[in-house]
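Trainee: Could we go through this model together, one question at a time?
Mentor: Gladly; please look at the sequence and the structure first.

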Amino acid sequence: MAQERERALRRFLHVAAHELRNPMQGVTSILDLIQHRLEGSVPLPDQRYLLDMLGLEIRRLSTLLDEVIESYRLDAPNFRVTKRAINLKEVVTRALAPYREG
């Protein structure tokens, strides 16, 4: 029974993540349009910084949705884990980038 509930929850998250991708694409397109219209103009104080932060947050949310979708694949019977080297400094730097002052 618990396994069925867990599978149902994972399926829900998978579907929800897919459904959230469409509005995320719209938000990303709107941000791109705003940034394009601002090219060559003098932005208001903090305007460029706020738009850049919005872009970072959109990318973070998009990555989160991708990870939810990917986690659904972990239940697949043919899923295999492989080890690989990572650059820990790079991972930490990317994680902290949105919180640094621009």
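**Helices and salt bridges**

Mentor: Arg21 has a relative accessibility of 33%, so Arg21 counts as partly exposed, a class that lies between buried (under 20% relative accessible area) and exposed (over 50%), computed with a 1.4 Å probe on protein chains only. Please keep in mind that this is a predicted model, in which local features need pLDDT of at least 70 and side-chain atom pairs count only at pLDDT 80 or more, while totals for chains, interfaces and linings use all residues. Residues are numbered from 1 along each chain as its sequence is written, and side-chain values use heavy atoms, with hydrogens and water left out.

Trainee: What is the mean pLDDT of the protein chain, and which element has the highest?
Mentor: The term pLDDT stands for the predictor's confidence in each residue, on a scale from 0 to 100. For the protein chain the mean is 82, and 93% of its residues reach 70 or more. Among its elements, H1 has the lowest mean pLDDT, at 83, whereas the highest, at 88, belongs to helix H3 (residues 88–96).

Trainee: At what angle do H1 and H2 pack, and are they roughly parallel or antiparallel?
Mentor: Helices here are DSSP runs of H or I with at least four residues, strands are runs of E with at least two, and both are numbered from the N terminus. Axes are lines fitted to C-alpha atoms, for helices over the stretch in contact, and angles run from 0 to 180 degrees between N-to-C directions. H1 and helix H2 (residues 47–73) have axes 9 Å apart and pack at an angle of about 160°. That angle makes the two helices, H1 and H2, roughly antiparallel, since angles over 145 degrees count as such, under 35 as roughly parallel, 65 to 115 as roughly perpendicular and the rest as oblique.

Trainee: How many salt bridges does a search of the whole structure find?
Mentor: A salt bridge requires a side-chain nitrogen of Lys or Arg within 4 Å of a carboxyl oxygen of Asp or Glu. When the whole structure is searched on that basis, the number found is three.

Trainee: Which parts does the salt bridge of Asp66 and Arg21 tie together?
Mentor: The side chains of Asp66 and Arg21 meet at 2.3 Å, N to O. Because Arg21 lies in helix H1 and Asp66 in helix H2, the pair ties together parts that are 45 residues apart in sequence, in H1 and H2.

Trainee: Where do Glu57 and Arg60 lie?
Mentor: Their side chains form a salt bridge at 2.9 Å, N to O. Glu57 is partly exposed at 34% relative accessibility, and Arg60 is partly exposed at 40%. The two residues are three apart, about one turn of the helix, and both lie in helix H2.
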